[in-house]
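Open the model in your viewer and keep the selection tool at hand. We will go stop by stop.

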Amino acid sequence: MIVNDLRPRGYCHGVARALKIVKDAILDDKIKKPLYILGLIVHNKKIKEALEHYGVISFENPKLTRLEMVELVKEGTAILTAHGVSKKIKQLLETKAIPFIDATCRDVYKVHDHIQEHLPTHEVLYIGKPHHPEVEGVLGLSDDITLIPKVEVAQQFVKRTEKPLYITNQTTLSLFEVIKIVEEIEKRYQVKFDNDICMATTKRQEAVIKQPKADVLIVVGDSYSSNTNKLKEVSIREAETLAYRIETIEDLNPEWFKTASVVNVTSGASTPKAITNEVIFYLKQFDYNKKATWRNVSQVTYLDILS
Ligand code: SF4
C-alpha cells in the first residue's frame, strides 16, 4: 500500500504558540499555580490529558460559558485558549484579581479587529459554528453581531438597519461553505466581505483538494476540532475522496484498507505530530493479508505529545 503524507499538516503557528505558553507557565515558578485553562487550550483531548498529567486543569464541559468558567477559578492563574475570548472575560478576571495569560491566536484577533472596525458603520454578520469557543468570543464583542451558522439561516436573513452589510467568518471553516452563505446573502443585498479563514486552515484544505489520487484519506484529529472536521468534508465534497477522521492509531479499522492501494494522510492544526507519525508508520507496514500487521495499540506518551 502506498502511503502519502500530505503537507502541510499538523500544528499551525497559533497552536504551537499556545502550547509553548502553557509549557513555559508549567515550568515558571513565578507564575501562580494551579493553572486553569478556560476551555481546551487547543481542540485535542490527548493534549488536554497530557497537560493534566503535569497538573494543568482544563475546563472542557461544552455547556459552560467562559464567564461560568471564570467563576470556577478561585486561585492560581487562568490561561485564555487559542480561540480567544471577549473583553468581558478579561474584565471579569481583572475584577476578581485573577492573573491571566493570553494564548489567543493572532488570526483570531484579526477577526476581532475586522469586526470592531466595521461595527460603527456596518451591520455585521458573522459566519460561524454555534457554541464554538471562537464564536462565543466574537459574539461577546457586541450584541449587534448576527451569527449566520448555515445557508438555511442566510436564506431567512432580513436586514435590521439602514447600514451596509459587512460579513466575516470563523477562522477554521471551509471556503466552500462560507462562499455559499455569502452568495446567498448577496442575492438580496450588497455586502462587503472579508474572508478570515486563516492561512493554516486554507493551506491544509488546499493540500487535501490537490491530494494525489487515493482510495482513502485518513484525517488525524479530534472530533471537537473544526479545522479537522473540515478537512474530511473537503476531501469528500471537493476531492471526491473517501475520508475517515480518527483520533489515534487505535481508531483505524483494517477493513477500510481491504482493497486500498493508495492511502493519503493529513491531520488537523491541533493534532500532535507524534500521533500522526505513528499512524503513517502503522499504515506503511500494514498488509490486509497479514494479520500480524493489524495490531494498532498506540505507544505515544504524554512527553511525545508535548514535545
Ligand atoms: S487554526 Fe488558524 S486560527 Fe486556529 S490557532 Fe491555528 S492559525 Fe490560529
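This is a predicted model: local features need pLDDT of at least 70, side-chain atom pairs count only at pLDDT 80 or more; totals for chains, interfaces and linings use all residues.

**Stop 1: the domains.** Colour the protein chain by domain. Domain 1 takes residues 2-11 + 200-306, domain 2 takes 13-105, and domain 3 takes 107-197. Now show domain 1 and domain 3 together. Their C-alpha centres are 31 Å apart. Ten residues from domain 1 and eight residues from domain 3 make the contact. On the domain 1 side, select helix H9 (199-209) and helix H10 (226-237), each of which supplies at least two of the touching residues. H10 has the largest share, six residues. By class, this side of domain 1 holds one nonpolar, five polar and four charged residues.

**Stop 2: the ligand.** Select the ligand and bring up its surroundings. Which residues are closest? Look for Cys-12, Gly-14, Cys-105, Thr-171 and Cys-198, out of 15 residues that surround the ligand. Helix H1 (13-27), helix H5 (106-118) and H9 each supply at least two residues of this shell. H1 gives the most, with three residues. Colour the shell by class: eight residues are nonpolar, six are polar and one is charged.

**Stop 3: helix H1.** H1 has 15 residues. From first C-alpha to last, H1 reaches 21 Å, close to the 21 Å expected at 1.5 Å a residue. Next, pick out its buried residues: Gly-14, Val-15, Ala-18, Leu-19 and Val-22. Turn the view to look down the axis. The buried residues of H1 fall within an arc of 125 degrees, so they line one face of the helix. What do the buried residues of H1 pack against? Show helix H2 (45-53), strand E4 (77-80) and H5; these are the partners.

**Stop 4: Leu-165.** Select strand E8 (residues 165-169), where Leu-165 sits. Is Leu-165 buried or exposed? Leu-165 counts as buried because it has 21 C-beta neighbours inside 10 Å. Leaving aside residues up to four places away in sequence, Leu-165 touches His-122, Glu-123, Leu-125, Lys-159, Ile-185, Tyr-189 and Val-191. Finish with a distance from Leu-165 to Val-138. The two are 27 residues apart in sequence and 17 Å apart in space, C-alpha to C-alpha.

Technical notes
Residues are numbered from 1 along each chain as its sequence is written. Domain bounds come from an automatic or database domain assignment. Two residues are in contact if their C-beta atoms, placed from the backbone, lie within 7 Å. Helices (H or I, at least four residues) and strands (E, at least two) are DSSP runs, numbered from the N terminus. Ala, Val, Leu, Ile, Met, Phe, Trp, Tyr, Cys and Pro count as nonpolar, Asp, Glu, Lys and Arg as charged, and the others, Gly among them, as polar. A residue is near a molecule or strand if its C-beta atom, placed from the backbone, lies within 6 Å of it. The expected span of a helix is 1.5 Å times one less than its number of residues. A residue is buried if 20 or more other C-beta atoms lie within 10 Å of its own, exposed if 12 or fewer, and partly exposed in between; C-beta atoms are placed from the backbone. The arc is that of the directions from the helix axis to the C-beta atoms.
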